[in-house]
Amino acid sequence: MSVGTGVRIGLIVFVVAIMQVSAFSSVSIAGGGPNVLLVTLVAIALLRGAVTGAIAGFAAGLIVDIATLGTLGLTALLLTLAGFWAGRYGETTGRARAHAPLAATLAATLFVELGGYGLHSLLGEPVAARTVLAALPAALTWNAALTYPVFGLVRRLIGATERLERAREVEILV
Amino acid sequence: MLGVTVRRPATGKPPSRTTSALLRRVVVGILVVLALVLITFSFRKPDDGPVASAESTASSVLRPFTIAGERVAQPFRDVYGWGDSLLTARSDAKQLRAENVALRQQAIQNQFAANENDKLKALLAFRDGPRFPDDYTGLAAAVIARPTGSFAQDVVVAVGSNDGVALDAPVVTQDGFLGRVTRVYTRSARVTLLTDEQLAVSALDVKSGAAGIVKHGRASASTLIFDRVPKKLRVAVGDTIVTAGWRSSKLASLYPRGIPIGRVTSVGQADTDLWKQVQVEPFADFDRVDAVLVLVRKDGQP
């Protein structure tokens, strides 16, 4: 990955993370709102792989934790794992499949919402499962609706990576 | 020809699968461990220590960006709010007209009661606790960040200890009680909303004087319940619930008396329950908080 692409990914993550905490989080329809940051992260991970996804997820989560004065590292942990998983999915099973962005976004949304609930509970913070479950359908719908526009935009900005694990040999069938 | 294997010409040396897999695992391992270390430090010492001071500095650095994001989003929120209010304008106007008639009558009665109350207090040399809004000044602040998940019910406001904000300071909007300050940095503070699981406020029914505790409801995130109200006390639909602001010899409520919280929407009681089941619709709109007032005592006491 070139330095220019790295800088572009950094800028995208920073701007979207700031907009997520200051603007998108205030949107609430039918009990939930869009997590544009997560959708963007999944797009970056699918296009650039697991390592980039994990690093971008960690940076994005750290910005969110700092900006919301929350428990430092909590969102960073969730988004690191979400970015890493989405990247691996893009490198393996989801490679060149049209439904890969949608499937990855839905799975990542489920993971972040339920994982967030689990982590908060582990830390002894009172969290109501019903609140999380009630917000889940709206969050999934919002994120699903945003998946392809965001994916297209991110691909235009950073491009798709060349696959590292190329086949060294090809078999010609005539 | 079928089944012929042709070697592709080498164009540079691609990384082997083993190296790439190892790199992946090392990177994600380091990041996960780093996140866990941050969680541990932040959880054990949320308000002091090196991690807290680093977070404070970093939040000060991010503050201009979150304020800029907030300003960019504000016109869009205004447009949405305008469109949303148009849908309910007719029913709102009807409700407000009816409320206005009732309040006009009530205001006259209240004026008489207030005059009488002042005279009696003067006669008794009665010493009262701090009252809202007379004994407090409100620090107006914009909401600059909100949580990204549904599991947190708090917002970040653009005032901090430099502006006189103290921990546990009550926070209100123009409509009513919102929550309290649970974390303070120099230029920002975190406000935990009343809809959060860990927040409750002692309250009373203005009409009947029935006292209880207002906390998050079970029906939805933005509904509250007026709990611990004995069944013998009277609470009616439409009654206004305000903060109780009690004071005993050594202890005092964090919140001043008289901040409006909400209106009673349903009252029920079962033979097996000790308390009434009272639902309250909050005056403040917890889903659309753009600006708040952080209350600071005029006499400088916390």
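1. First, some housekeeping. Since the model is predicted, local features need pLDDT of at least 70 and side-chain atom pairs count only at pLDDT 80 or more, while totals for chains, interfaces and linings use all residues. Residues are numbered from 1 along each chain as its sequence is written, with chains lettered from A and ligands numbered from 1 in the order in which they are written.

2. Let's start with chain B as a whole. Its secondary structure comes to two helices and 13 strands (DSSP runs numbered from the N terminus, helices being H or I with at least four residues and strands E with at least two). Of the 302 residues in chain B, 34% are buried; a residue is buried if 20 or more other C-beta atoms lie within 10 Å of its own, exposed if 12 or fewer, and partly exposed in between, with C-beta atoms placed from the backbone. Among contacts in chain B with a separation of 6 or more, 60% are between residues 24 or more positions apart (a contact means C-beta atoms, placed from the backbone, within 7 Å).

3. Now for where the chains meet. Chain B puts 54 residues into the contact and chain A puts in 53. On the chain B side, the elements giving two or more residues are β1 (4-7), α1 (17-44), α2 (50-124) and β2 (136-145).

4. In chain A, have a look at helix α2 (residues 36-48). Its 13 residues reach 18 Å from first C-alpha to last, close to the 18 Å expected at 1.5 Å a residue (the expected span is 1.5 Å times one less than the number of residues). All this helix's residues, 13 of the 13, are buried, so α2(A) is largely enclosed by the rest of the structure. Just after α2(A), Gly49(A) has a positive phi of about 100°.

5. Helix α3(A) gets similar notes. Its end C-alpha atoms are 25 Å apart, which agrees with the 26 Å that 18 residues should span at 1.5 Å a residue. Here 18 of the 18 residues are buried, so α3(A) is largely enclosed by the rest of the structure.

6. How do α3(A) and α4(A) cross, left-handed or right-handed? The crossing is right-handed. The axes of α3 (residues 50-67) and α4 (residues 74-91) of chain A come within 7 Å and cross at roughly 160°. The two helices are therefore roughly antiparallel to each other (angles over 145 degrees count as such). Residues of their contact divide into 16 nonpolar, eight polar and three charged.

7. Two residues of chain B are worth a click. Asp154(B) sits in strand β3 (residues 154-157) and is buried, with 21 other C-beta atoms within 10 Å. Leaving out residues up to four places away in sequence, Asp154(B) touches several residues, including Pro147(B), Thr182(B) and Arg190(B). Trp275(B) lies in the loop between β11 (260-268) and β12 (277-282) and counts as partly exposed, with 17 C-beta neighbours inside 10 Å.

Methods:
Contact = placed C-beta atoms within 7 Å. Axes fitted to C-alpha atoms, helices over the stretch in contact; angles between N-to-C directions. Parallel < 35°, antiparallel > 145°, perpendicular 65-115°, else oblique. Left-handed = near helix turned anticlockwise from the far one by under 90°. Nonpolar A, V, L, I, M, F, W, Y, C, P; charged D, E, K, R; others polar.
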